[in-house]
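Q: I would like a close look at one part of this protein. Please keep it brisk.

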Amino acid sequence: MEFGPLPAMIGIACHKCYKEEDLELSRCGGCRRISYCGKECQDADWKRHKPMCKALTSLEKNSAAAARLVSLLPKKPSDDLQEIRKLTDEQVDIYFTYLQRQTVVEHSWIHHEPRCLVCTRTEMVMRMETGDVTQRLIPCPSCLRSFCCSPAHWEAAHTLHHRPSADWRDGLSHCQMNTFVRLQAKVDTKHSLLDHRGQLLWVPVRVKSRWVSLEGKTWEGEFDEEICKSYGMPRTIPPSSTFLISSASDTLSMPMTILYGLSKLNEDNTWTRKQTLTVHVLGANIREVSCRLVFEEILHRLPEVNKLELILCGPEVPSRDSFDHEVCPECIARGRSCVLKCAADTYHDFVRKQGDQFETPDLCIAFNSGATQGHLGYTWRTSIKVLVERKLPSLFTAYDREEAEGDAAMLHAAGAAVHPLLGPCLNPWGSQKAFPTAHSVYGFHVDNGWLAGGFK
Ligand SMILES: [Zn+2]
Ligand SMILES: [Zn+2]
Ligand SMILES: [Zn+2]
Ligand SMILES: [Zn+2]
Ligand SMILES: [Zn+2]
C-alpha cells in the first residue's frame, strides 16, 4: 500500500505518519487533497507526493474539465444509489480523460475520493463551482467517514445513512459499519498485528479430534477462545476478541469457505476421511501465495486427512513450481503435509495442458472471482464451461451482493446446477473485515462476503 491507508488518502490522517486522532491537521496547499500533522511530515513526504500534487492542481485549473464535472451534478439530492453510482462513474471517467498522461495519480485515490452522499460533489468540484478554496465537505459527526456538501444535503441523506442496510450482516446501518471499520483500523494499528500487506496471519495451532459440521457455527463461537489464548486476552461476554477475529477472518475465510463448500457439495462425510484432499484455487494471485499458512486450518479440522494438496491456478501467480509449507509440530509428528503448487495459467489452459494427467479435485474454488466484472468476463466464461462440462465440484465467492448475483447469472447461463444453499447468499464464513466500496458513496465489500454459486 504505497499510498498509505484510506484515512491518509482521503485527508483525514497525516499523509506521512498516518496519525489521525487528536491532531490538528493542515491541508496540502497545492492539491488541497491530503493533510499533514506538521511541516516535518510534509517536507519528508514531498518527494513522494509532488507528482500527484502537480497533476491534480493542473486538473483543478482546467476549465473544460471543471465545466464537464459541474454539468454532471444532479439538480436535487437523490437517494437512488444506482443513479449516484452512475454519476460517480461518469465523474471518474472525466478525471481519467483529463489526467490521461499523468499516471502518477493512483487509481484507488480517485475511486475513494470523498463525495456528498446525495449529490456526488467532491471538494474539488465545490472549489471549481465557487472558486472558494475554503469549501469543505461536512463529515457525519458520529462515523466521520461519510460526507455531505451542505447541512441541507445531510438532511436529505439522513435516512439513507442510518437505516439498517440489507447488504451487510446484522442489519447494521452504513454509519455503524463506518464506525466499525474505523475502530477496526485503530485496533489493527494499536496492536501492530498486521504484516506489510495489511494482513493478520493467524491460524490456531491445534488439531481437532474429529470433523464437526460448520452448520450454524459462528466466527466467534469457533475462534474466540483460541484467539484470546493466543493474544493473552481475558475472555469476556460479549467477546472482546471481535476485532481481532475480524482481522484474522480476512485470511481464514479462505480455508473455512473451502470446508463449508466441501460439506455442502458432498452428501456424506467420506471426503473428511480421504488420504489426500485436493483443492484447486482458480484465479489465484499473490495473496493466496502470501497467506498460504492459513490453509493448514483445513488439515486441523480434518484429523483423518493426511495430505492437503492445493493448486493455485491463475495468470497472476508466481511461476515458481511449488512451495514447501512447514506444518505445525503436531502435524509433522503425525506425518501430515500441506503441498502448494502454482500454475500460472487460466484454469481452462491448466486443464488442457494437463491432458490425461488431469485428476478431478475435491473442490475448485474461485475466491472473489469478479467473473462478470471488466475485461476478464470472457476468460471466466471459458473456465466455467470447463467446470460445468467436466462436472467438477466448484464454488464461487464474491465481494458483495451485486457481484454475487452477476456471477450466479453467469453460472446459470453456463448450465451449472447451482446448489440452493450455496448462493447467491451471504457466506457465513466470509471475512468479517469490511472495506468501503471504491467508486461509491455507499456500501462495503468483504473478501468472500457472498457465495455466488456452488455446483458439481
Ligand atoms: Zn505526520
Ligand atoms: Zn498536494
Ligand atoms: Zn451534496
Ligand atoms: Zn455516520
Ligand atoms: Zn498443523
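How are the donor residues of the zinc ion (ligand 5) spaced in sequence?

A: This is a predicted model. The donor residues of the zinc ion (ligand 5) follow the pattern E-x3-H-x27-C-x2-C in sequence. Now the atoms. The protein donors are Glu296 through OE, His300 through NE2, Cys328 through SG and Cys331 through SG. They lie 1.9 to 2.2 Å from the zinc ion (ligand 5).

Next, the geometry. The 4 donor atoms subtend angles of 98 to 116° around the zinc ion (ligand 5), so the arrangement is tetrahedral. The cut-off behind that label is that all angles lie between 85 and 135 degrees.

Glutamate 296 and histidine 300 both belong to helix H12, residues 296-301. They are 4 residues apart, so about one helical turn separates them.

Both of these donors are buried. Glutamate 296 has a relative accessibility of 5%, so it counts as buried. Histidine 300 has a relative accessible area of 1%, and it is buried because the limit is under 20%.

Take the zinc ion (ligand 2). Its coordinating atoms are Cys28 (SG), Cys31 (SG), His49 (NE2) and Cys53 (SG), at 2.0 to 2.4 Å. The angles there run from 101 to 118° for the 4 donor atoms, which makes this arrangement tetrahedral. Along the chain, the donors of ligand 2 are spaced C-x2-C-x17-H-x3-C. Cysteine 28 and cysteine 31 are buried.

Cysteine 116 sits in the loop between helix H5 (107-111) and helix H6 (123-130). Cysteine 149 sits in the loop between strand E4 (147-148) and helix H7 (151-162). The pair therefore ties together parts that are 33 residues apart in sequence. Cysteine 116 and cysteine 149 are buried.

Now the domain setting. The protein is divided into domain 1 (6-160) and domain 2 (181-455). Their C-alpha centres lie 35 Å apart. In the contact between them, 18 residues of domain 1 meet 10 residues of domain 2. About 1,300 Å² is buried between the two domains, and carbon and sulfur atoms give 61% of that area.

Two further residues deserve a look. Cysteine 313 is in strand E6, residues 307-313. Its relative accessibility is 0%, so cysteine 313 counts as buried. Beyond its neighbours within four places in sequence, cysteine 313 contacts Val281, Leu282, Gly283, Ala284, Ala343, Asp345, Thr346, Tyr347 and Phe350. Cysteine 313 and alanine 157 are 156 residues apart in sequence, with 44 Å between their C-alpha atoms.

Lysine 264 is in helix H10, residues 242-265. With a relative accessibility of 15%, lysine 264 counts as buried. Its side chain makes a polar contact of 2.3 Å with the side chain of glutamate 215. Leaving out residues up to four places away in sequence, lysine 264 touches Glu215, His419, Leu421 and Leu422.

Technical notes
Residues numbered from 1 in each chain as written. Chains lettered and ligands numbered in written order. Predicted model: local features only at pLDDT ≥ 70, side-chain atom pairs only at ≥ 80, totals over all residues. Heavy atoms only, no water. Helix = DSSP H or I, 4+ residues; strand = E, 2+ residues; numbered from the N terminus. Buried < 20%, exposed > 50% of the residue type's maximum accessible area, 1.4 Å probe, protein only. Polar contact = N/O pair within 3.5 Å; in protein donor to acceptor, adjacent residues only side chain to side chain. Contact = heavy atoms within 4.5 Å. Donors = N, O, S within 2.8 Å, 3.2 Å for Na, K, Ca; no water. Tetrahedral: all angles 85-135°; square planar, octahedral: opposite > 155°, others 65-115°. Domains from an automatic or database assignment. Buried area = accessible area lost by both parts, 1.4 Å probe.
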